[in-house]
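Please consider the sequence and the structure below together.

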Amino acid sequence: MQIKKQTKKYDVVIVGSGAGGGMAAYTLANAGLKVCLLEAGAMYDPQKNITQLKNPWESPRRGASTKFRPFGDFDACYYGWDVEGEPYTKAPGTEWDWWRARMLGGRTNHWGRISLRFGPKDFKRKSVDGLGEDWPISYDDIKPFYDRVDKLIGIFGTNEGLEDHPDGFFLPPPKPRLHELFIKKAAGVSGVKVIPSRLSILTKKINDDRGVCFYCGQCNRNCSMAKADFSSTNVLIYPALATGNIDIVANAMAREVLTNEEGLAIGVSYINKDDMMEYQVMGRTVILAASACETSRLLLNSKSKRHPNGLANSSGVVGRYLHDSTGAAMGGVLPQLFDRKRYNEDGVGGMHIYSPWWLDNKKLDFPRGYHIEYWGGMSQPAYGFGGGIEGLNGKFAVRGVQKEAGGYGKSLKEDYRYFYGASVGMAGRGEAIPLYDNRCEIDPNVVDKFGIPVLKFNVKWSEHEILQAKHMKETFDEMMHNMGAVVTWGGDYNKENNYGLESPGKIIHEAGTARMGNSPKTSALNKYNQAHDCKNLFVVDGAAFTSQADKNITWTILALSMRASEYIIAEMKKQNL
Amino acid sequence: MNRRETLKLLGVGALSGTALVAGCKPEDKKEVKTADPEFTYDRAKEELMREKELLAQEKFFSEAEMLTITILADIIIPKDEVSGSASEAKVPDFIEFIVKDMPSHQVPMRGGLRWLDIQCLNRFEKPFRECSDKQQIELIDMIAYPNKAKPEMSQGVAFFNRMRNLVASGFYTSEMGVADIGYAGNTPNQWNGVPEEVLKQYKVAYTEKELKECVKFDG
């Protein structure tokens, strides 16, 4: 076996092509730097690899999920919970579900497009409640980059003047759907704030490269037709390729970051999955954006004399403070929507309204907030359609006739029509406290099929998250009651089942495993996403987060990656890198 | 529908014909050549390999089992004034495919069909598929209503629930079923809010703020 060294020397080698890697590649290539982008998954071009506007009957499994597409056969993201030949382990008695997209653009190809800025307090939570750690930056440091991300990528929403849900540069939002009008009313009764959602979807044209949303509701399939939603592929990587400054190496599984005698990064070694050969690519600077846990795995596996603890890990914090958003949900039916008039209500891909955190934690028994996402209505039929109707059709009179639950025949067909489009649901997404003991580390006994040591997870929810889930469920119950909905799932919450709190990892907002901070003793990165221990190594994915607020993290990943990339450009000009 | 009509419906797939005629009998297995499956939507390399493997598999259900599945599917979703029957929408073919795609369905389906036949043999001295329409319905009525079924029929209830769910999945995701249910989307359009007459029906309205700040289209 030999190691093939690429002769071309790059200014920057980036590992990972999702939000963080895509933005870094875009920013650096446009500045004229030569970039090599390594992606562990396959090449993917949303202009050619299309699932948008397909009908359910075109899928032999009618859109059902598979191991390759856990979110359904038309979902744009391949791989997820279970990657062949790439295991991970868990400490006994702990939980972690690990999502790994394996494709160019990563999970940005299918994500929910929920694009929320962190607010001023979100960067200083320790100062507010004494828990966790403050970020080394403030909202003012990141605001100009949020502004530019808004304008570059496009986002709809409304300026509401809410301190911790900051205003931005918003395109107009779509009007609420019918069930969303009911939700708004029900929320009002309970004092829950509801405002237009903030999604990175173009309701107006922003440039000539991209079109405008045509309301098919299929953002999870990636917008092949109009490029009207944000994916790293459509919006950052392919436009950046046009500069001629980027080489993409797909199916390249990074093994370690290479360092020299002085401890500086000199490149990355990887396995090419196509030929199973070992390669090295060299660069002046290395940027990791492989997703929080893969990035920390790479750091921990990059041991050398100068970095015996793993790269950027003299503090010992790499892999630690791992946390996901909390999640709990509830669903039901709205009897007032039975037998409803049919019309196209696909709308944008996702909710048209949402609830930002509206309460003061000082008056509650848990320290951090959550936001609420909503869904419902007349969606495209897929595998599972009408499932469990025997639990529904005996409970309500159908067109005035009370029937026996279950059944068959013409009467059953009438029932399916009657109940279609009446569903409603809501889910909380909350902030967890990053804890030192919640971690991923290298499993001493297990390697993947490439011989790379794998991660062992050791994560447990604390009382803070469990009590937050309890509050979510009680709130949902009240709102469902307010609108006359009948809860059909998620109503069975109690202390024993952690009030329906999803296991950590399930919400796919993992962060914190190479956190930023002012002290090299307690953090891996400085305030520019730069490793304290290795000045030409940067981390621009969720690993860098000191904490992750009650907001989805993508918009902040994008803003921080843009900021770090411009810092790199400036430092290179000053010959510091 | 008589037996001959039902049989005619078997073997013609929603998938490519080459694949579904493949491997009817175990002894044919070696000679089967499976063409690359064709998809109208994106498939990654590993996915295509698996799709090919699935299609190359011999049929899971025997002809007799498929006949029973077809009869059951058409009892659950018969033709009515709005749309056709489950077998007209090729639901049995979908069920044949999905048990290969999701092997967890295999034992409950095979065992459930057998349970049904044993019940019929004991009562009518014939397997379900050979029973008269009246006898079939007599048996189905014992398992189609979970809340009033006798405790000794509970396994049949579980089987029929599964069958009902699979048939609904297959039917309402077919072109015919989507038209029946009235799903009006999956097409480029301009979302201009809930139609006026629907707002009136439910006595709801958009606020001034929404009307001012939301995207709107003329006409």
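The paragraphs that follow describe chain A first and then turn to chain B.

This is a predicted model, in which local features need pLDDT of at least 70 and side-chain atom pairs count only at pLDDT 80 or more, whereas totals for chains, interfaces and linings use all residues. Residues are numbered from 1 along each chain as its sequence is written, and chains are lettered from A and ligands numbered from 1 in the order in which they are written.

Chain A contains nine helices and 17 strands; helices (H or I, at least four residues) and strands (E, at least two) are DSSP runs, numbered from the N terminus. The radius of gyration of chain A is 24 Å, close to the 25 Å from the globule rule for 577 residues, so chain A is as compact as a globular protein of that length. Here the radius is taken over C-alpha atoms, and the rule is 2.2 Å times the number of residues to the power 0.38. The C-alpha trace of chain A spans about 80 × 50 × 50 Å along its principal axes. Of its 577 residues, 58% count as buried, a term that requires 20 or more other C-beta atoms within 10 Å of a residue's own, with C-beta atoms placed from the backbone. Among contacts in chain A with a separation of 6 or more, 73% come from residues 24 or more positions apart; a contact requires C-beta atoms, placed from the backbone, to lie within 7 Å.

One open sheet of chain A has six strands in the order β4-β10-β11-β12-β9-β15, with antiparallel pairing. Two strands pair if DSSP finds at least two bridges between them. At the edges are β4 (195-196) and β15 (486-489) of chain A, each of which pairs on one side only. β4(A) is joined by two bridges to β10 (residues 353-355) of chain A, and A:Ile195 has A:Tyr354 as its bridge partner in β10(A).

The 13 residues of α4(A) reach 19 Å from first C-alpha to last, close to the 18 Å expected at 1.5 Å a residue; the expected span is 1.5 Å times one less than the number of residues. Buried residues of α4(A) include A:Leu178, A:Phe182 and A:Ala186. The buried residues of this helix pack against β10, β11, β12 and α8 of chain A together with α10 (196-201) of chain B. Just after α4(A), A:Gly191 has a positive phi of about 75°.

A second open sheet of chain A has three strands in the order β3-β14-β13, with mixed pairing. β3 and β13 of chain A are the edge strands, each with a single partner, so one side of each has no neighbour in the sheet. β3(A) and β14(A) are parallel and share two bridges, whereas five bridges join β13 (residues 439-447) to β14 (residues 453-458) of chain A in the antiparallel sense. A:Phe457 in β14(A) stands opposite A:Lys90 and also opposite A:Cys440. β13(A) and β14(A) form a hairpin with five residues between them, and A:Gly451 in its turn has a positive phi of about 80°. Helix α6 (residues 292-301) of chain A lies across β13 and β14 of chain A, at about 60° to β13(A).

Positive phi values also occur in residues other than glycine. A:Arg113, with phi of about 60°, lies in the loop between β3 (89-90) and α2 (125-129) of chain A and is buried, with 24 other C-beta atoms within 10 Å.

The account now turns to the interface. In chain A, 62 residues are in contact with 56 residues of chain B. The elements that give two or more residues to the chain A side are α4 (178-190) and α7 (409-419) of chain A, and α7(A) gives the most, with six residues. The chain A side divides into 29 nonpolar, 19 polar and 14 charged residues. Ala, Val, Leu, Ile, Met, Phe, Trp, Tyr, Cys and Pro count as nonpolar, Asp, Glu, Lys and Arg as charged, and the others, Gly among them, as polar.

In chain B, B:Lys90 lies in the loop between α4 (63-76) and α5 (91-101) of chain B. B:Lys90 counts as buried, with 23 C-beta neighbours inside 10 Å.

Notes: Contact = placed C-beta atoms within 7 Å. Buried ≥ 20, exposed ≤ 12 C-beta atoms within 10 Å, placed from the backbone. Axes fitted to C-alpha atoms, helices over the stretch in contact; angles between N-to-C directions.
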